[in-house]
Amino acid sequence: MDEEFAIKFLPLIGVLRAYHSHEVYGLDSIPNKGPAIIATNHSLATYDIMLLMAAVYLHNGRIPRSLIDRAFYVVPGLGILMERLGCIIGNPDNASTLLENGELLYLAPGGMKESLRPSTERYQVRWNRRKGFARLAIETQSPVILAACPHADDIFKVYDTSVTKWFYQQFRLPFFLARGVGPTMIPRPVKLEHFLSKPIYPPKMAEDPAAVKRQVYNFHKKLTQKMTEMIAQSMVPYTGPR
């Protein structure tokens with residue numbers, strides 16, 4: 001990553017933070033040092049995660065590191081930009097290395113599949129088969145901090161079509177039909193709020209592979225249920241433009 005570039009870029013996110021009247025609750029949950037996983041819900045807009053990164057940086061100066069999908073490299077120059085900002089291709093080896101180096105690692109367990117949900121399924125957590133982050137926490141003994149931002153799903157209205165589903169299933173690339181303000185792709189000025197959980201510590205990794213599998217299953221279930229509860233509890237009916 002280009003740390004100097006990232007430091008200069010993150011405060012610029014303040015423009016988007018102002019546009020969305022962005023607030024974060026629970027910033028004291030972020031450790032001032034040492035490894036931690038910040039697991040977020042994933043919206044179509046995606047940039048709401050960067051708003052959180054900027055807020056955390058302004059709070060305690062910790063440079064964010066994030067896992068991203070290879071799909072970012074489909075857009076010329078976007079992948080390189082994300083690398084300069086500290087992002088890296090999401091795989092177990094890269095994630096483990098960052099945490100072993102004491103980094104603050106942001107990830108969205110639901111990935112692209114969760115981000116492409118139609119608006120009829122907004123505010124839903126799609127982590128059922130995404131257990132990798134739970135295993136990662138156990139293997140590296142890193143605490144997990146959940147970051148819920150339910151109204152990120154209201155930035156765009158996402159339509160449910162058979163074509164978009166087919167395209168994702170065939171190519172695993174983002175293809176969607178959506179709109180923001182009116183018929184445009186201008187993001188709706190939705191008020192965004194991130195709600196952070198207290199650090200959730202994983203169990204000490206067992207030696208028996210079968211026992212580890214049970215640990216991953218139980219820890220993943222705990223994290224998924226907690227995120228679902230956080231989104232439900234933090235919801236205020238959205239009354240802005242649809």
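This is a predicted model: local features need pLDDT of at least 70, side-chain atom pairs count only at pLDDT 80 or more; totals for chains, interfaces and linings use all residues.

A residue is called buried when its relative accessible area is under 20%, exposed when it is over 50%, and partly exposed in between.

**Ser-119 and its surroundings**
- You'll find Ser-119 in the loop that links α6 (111-115) to α7 (132-140).
- Which residues does Ser-119 touch, leaving aside those up to four places away in sequence? They are Phe-156, Lys-157 and Val-158.

**The paired strands**
- Start with strand β2, which covers residues 36-40. Since 5 of its 5 residues are buried, β2 is largely enclosed by the rest of the structure.
- Both faces of β2 are covered, with Ala-36, Ile-38 and Thr-40 buried on one side and Ile-37 and Ala-39 buried on the other.
- β2 pairs with β5 in the parallel sense, over 4 bridges. Along that pairing, Ala-36 sits opposite Leu-104, and Ile-38 stands opposite Tyr-106.
- β2 also pairs with strand β6 (residues 144-148), again in the parallel sense and over 4 bridges. Here Ile-37 has Val-144 as its bridge partner.
- Now for strand β5 (residues 104-107), whose two faces are covered as well. Leu-104 and Tyr-106 are buried on one side, while Leu-105 and Leu-107 are buried on the other.
- How many bridges join β5 to strand β3 (residues 64-68)? There are 3, and these two strands run parallel. In this pairing, Arg-65 has Leu-105 as its bridge partner.

**Tyr-25 in strand β1**
- Tyr-25 belongs to strand β1, residues 23-25. Buried or partly exposed? Tyr-25 is partly exposed, because its relative accessible area is 34%.
- Setting aside residues up to four places away in sequence, Tyr-25 touches Glu-193, His-194, Phe-195 and Leu-196.
- Its side chain also makes a polar contact, at 3.4 Å, with the side chain of Glu-23.
- Tyr-25 and Ala-148 are 123 residues apart along the chain, yet their C-alpha atoms are 10.0 Å apart in space.

- Tyr-19, Val-181 and Ile-186 together make a nonpolar surface patch of about 240 Å².
- One of these, Val-181, lies in the loop between β8 (178-179) and β9 (193-196). Val-181 counts as partly exposed, because its relative accessibility is 33%.

**Two positive phi angles**
- Ser-21 has a phi near 45 degrees, a positive value in a residue other than glycine. Ser-21 is in the loop between α2 (14-19) and β1, and is partly exposed because its relative accessible area is 40%.
- Thr-46 isn't a glycine, but has a positive phi too, of about 70 degrees. Look for Thr-46 in the loop between β2 and α3 (48-60). Thr-46 is partly exposed, because its relative accessible area is 23%.

Notes:
Residues are numbered from 1 along each chain as its sequence is written. Side-chain values use heavy atoms; hydrogens and water are left out. Patches are made of residues with over 30% relative accessible area and no salt bridge: like charges are joined within 9 Å, nonpolar side chains (Val, Leu, Ile, Met, Phe, Trp, Tyr) within 5 Å. Accessible areas come from the Shrake-Rupley method with a 1.4 Å probe; for residues, only the protein chains shown count as cover. A salt bridge is a side-chain nitrogen of Lys or Arg within 4 Å of a carboxyl oxygen of Asp or Glu. Buried means under 20% relative accessible area, exposed over 50%, partly exposed in between (1.4 Å probe, protein chains only). Contact means heavy atoms within 4.5 Å. A polar contact is a pair of N or O atoms within 3.5 Å; within protein, one must be able to donate a hydrogen and the other to accept it, and residues adjacent in sequence count only if both atoms are side-chain atoms. Two strands pair if DSSP finds at least two bridges between them.
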